[in-house]
Each structure stands twice: as C-alpha cells, then as structure tokens.
Amino acid sequence: MIPVNSVLQVGYFPDLMQAEINRRFSPTCLLDPNAPAPVGNFQAILVRSNTKLPEALVKQIPSMRLVTTCGVGYDNLPLGYLKEAGIKATNTPGVLNDAVCELAIGMMFSLIRRLPQSQEFLKSGEWSKGLFPLTTTLAGKKVGILGMGRIGQDLAKRLEPFKVEIIYSGPSKKPVPYRFIANVKDLAKESDILFLACPASSATDKIMNTEILEALGPSSFLINIARGSVVDEQALLYALQHKRIAGAALDVFDNEPNPNPAFLSLDNVLLTPHIGSATSETRIAMTNLAVDNLEAFFNQQPLLTEVPN
Ligand code: NAP
C-alpha cells in the first residue's frame with residue numbers, strides 16, 4: 001500500500017506506463033524535472049531512466065528516502081548525493097533482457113545483411129538494373145561482448161545457435177562458457193562483431209575510442225545497446241566515414257533525442273531511437289517492478305532491486 005501524497009513522479013511516462021502507474025497508485029506529478037519541487041512530504045521519487053534527475057530537485061525535499069528509476073541504467077541519478085544523504089535507489093533489471101536482446105540480434109542481422117538498404121534497393125527499382133551487393137555471413141565469426149552482465153549473458157545464449165565463437169571482456173571473469181579477454185583492445189582486435197552491453201560509468205566513458213576502433217578494424221562491426229557515453233562519437237564518426245570499421249548499429253547516442261546529424265548521412269549505419277526495452281510487455285513489466293519496489297519500501301519490506309551505491 002502506497003500512502004497518498006508520498007511519491008513524486010518526475011518527468012513524463014509514456015501513456016501505457018502512466019496508465020499502469022495510475023492503476024496501482026496516484027503519484028503527484030512534476031513533468032519538468034528542472035521546475036521547483038512541489039510542496040509536500042514526499043518520501044519517494046519515481047522517474048524513468050532516460051530522465052536526468054537533478055540533484056538540486058532531490059535536495060529541495062528533505063523528507064526524501066528513496067528514488068525508484070524505471071530502467072536498468074542509473075547513470076541519470078545523482079548517485080553521489082543520494083549516498084551522502086542516505087537515500088536508497090532501485091532500478092528494474094532483468095525484466096527487459098528479452099526485449100533488449102531481441103533488438104540487439106535484429107540490429108546485428110539488419111546491419112551485416114544490410115536489410116534496410118536491400119529493401120530500399122528493391123523499392124527504388126534498382127533491382128531491375130543489377131544485383132544487390134554481397135553482404136556478410138554471421139556463421140563462423142567471432143562475436144565480442146563488452147559487459148557480460150545480465151543482458152550480455154542473455155545475448156550470448158541467443159547467439160550460440162548461430163555457429164559463432166563468443167568472446168567477452170569486463171572487470172571480472174564470469175562463470176560462463178565463453179573465452180574471457182581481459183583487455184578491451186584485444187577483444188576488439190579479435191571481434192568480427194562487437195556488442196557493447198556495459199553500464200555508463202566513469203570507467204566506461206568513451207571506452208570505444210580511436211585506438212579501440214582501429215583495433216576492431218575495417219571488416220568488423222560495432223553494435224551499441226548500452227549507452228551513448230560508452231562510445232567516443234567523434235572517433236566513431238571518423239571510423240565510419242573513413243571505413244576504418246565496416247559499420248555500426250546504434251540504439252543509444254550522446255545527445256538523445258537529437259543525435260549528431262553526421263550519423264544520418266552515413267550508409268554503413270543502422271540507427272534506432274533508444275528502443276531497447278520499448279515493447280508493451282516489457283514497459284509494463286518495468287513499471288510494475290518499479291511500483292513493487294515502492295510498495296516494498298512503504299511496507300517496510302526489503303527492496304526488490306536496489307541499486308548498489
Ligand atoms: P549488468 O547486469 O549490471 O551488467 C553490466 C556488465 O558490464 C557487468 O558484467 C559488469 O561487470 C560489466 N562492466 C562494468 N564495468 C565495465 C567496464 N569498465 N568495462 C566492461 N564491462 C564492464 O547490467 P545489464 O542489466 O546487463 O545492463 C547493461 C546496460 O545496458 C545498462 O547499464 C544500460 O545502460 C544498458 N541498457 C540499455 C538499454 C537500451 O534500451 N538500449 C536497455 C537496458 C539496458 P561486473 O559484473 O564485473 O561489474
């Protein structure tokens with residue numbers, strides 16, 4: 001049971017998610033995260049992971065005890081201040097793995113088989129004038145995963161039937177049947193396709209830089225389903241424009257929802273508007289897990305999915 005006037009919803013939620021929230025309880029809404037906090041004795045904030053939660057807003061509410069973000073990534077939370085103020089945070093891991101991995105696999109095939117370009121080739125009548133250029137087979141290739149966490153492991157399981165060798169890197173070796181490569185540059189050098197599935201953090205900021213993209217090389221593809229900050233976008237643009245890598249599929253960008261327009265004119269990219277978890281089923285599951293965390297908090301039960309801080 002969530003008491004009335006106890007939760008402040010910060011930012012907009014898509015209709016389906018808002019309807020699910022409203023079905024479970026009635027938050028006070030602050031649509032503009034940069035507006036002053038409404039007066040009230042709020043103990044929890046509900047926010048989406050793509051909304052930047054300003055530290056200044058949380059500071060205005062001394063009664064605040066919990067921030068619940070709807071999404072896995074918590075890079076938009078003021079974690080330093082939350083820790084200092086003893087405010088806990090929760091996220092919604094796991095329930096979006098299927099949707100994110102399905103998108104990642106779809107992006108991979110669209111990218112290496114050039115599905116959007118081949119459809120355009122047919123629609124524009126080019127087929128009657130000649131054949132579509134040959135593309136790339138997945139079978140027999142080495143697929144790298146940077147970040148063998150929940151999504152990385154689910155992705156690897158989905159890749160196994162495609163007759164590929166799976167290799168991975170990250171801070172620690174995991175109990176998985178794939179080859180661990182400690183160094184990111186070595187991972188890139190060996191990968192024909194490299195998926196990014198790590199969190200945004202100071203350690204991963206622009207980890208895909210010129211040196212690593214050069215190591216990936218002209219016949220290899222990059223797929224980013226993590227966060228825009230993990231890639232040095234200027235370095236990636238150069239690599240794509242000068243064919244230093246074969247291509248990139250990007251679901252996430254630095255400046256969402258207005259990505260660098262230089263990406264739009266490239267032929268060796270597949271671009272999606274941060275839709276990893278954007279299915280109806282997944283968004284309902286995420287909303288419910290977020291609200292379950294709020295209920296657990298107000299019922300003085302252990303939080304279900306607390307963010308480590
Ligand atoms: P997770 O279970 O926490 O997995 C993250 C993995 O990344 C962990 O294995 C972690 O290793 C590894 N990692 C941490 N620091 C690293 C580094 N410096 N270099 C390489 N690997 C590193 O998280 P998840 O649920 O799989 O989600 C991963 C990320 O996907 C999220 O943080 C989010 O940003 C992104 N995401 C995107 C979408 C989308 O719509 N595109 C949707 C959902 C999630 P350790 O375990 O050793 O720390």
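## Ligand contacts

A polar contact here is a pair of N or O atoms within 3.5 Å; within protein, one must be able to donate a hydrogen and the other to accept it, and residues adjacent in sequence count only if both atoms are side-chain atoms. Ser172 makes one through its side chain, where an N or O atom sits 2.8 Å from a ligand oxygen. The protein covers 83% of the 930 Å² of accessible area that the ligand has on its own (Shrake-Rupley method, 1.4 Å probe).

Bear in mind that this is a predicted model: local features need pLDDT of at least 70, side-chain atom pairs count only at pLDDT 80 or more, and totals for chains, interfaces and linings use all residues. Residues are numbered from 1 along each chain as its sequence is written, and side-chain values use heavy atoms, with hydrogens and water left out.

## The shell

The ligand is surrounded by 26 residues, the closest being Arg150, Ile151, Ser172, Lys174 and Asp251 (a heavy atom within 4 Å puts a residue near the ligand). By class, the shell has 14 nonpolar, eight polar and four charged residues (Ala, Val, Leu, Ile, Met, Phe, Trp, Tyr, Cys and Pro are nonpolar; Asp, Glu, Lys and Arg are charged; the others, Gly among them, are polar).

## A helix pair

Helix H1 (residues 15-24) packs on helix H10 (residues 280-298) at about 35°, with the axes 9 Å apart. Helices are DSSP runs of H or I with at least four residues, and strands are E runs of at least two, numbered from the N terminus. Axes are lines fitted to C-alpha atoms, for helices over the stretch in contact, and angles run from 0 to 180 degrees between N-to-C directions.

Most residues other than glycine have a negative phi, and most peptide bonds are trans. Arg114, in the loop between helix H4 (97-112) and helix H5 (115-123), has a positive phi near 55°. The peptide bond from Glu256 to Pro257 is cis, with omega near 5°.
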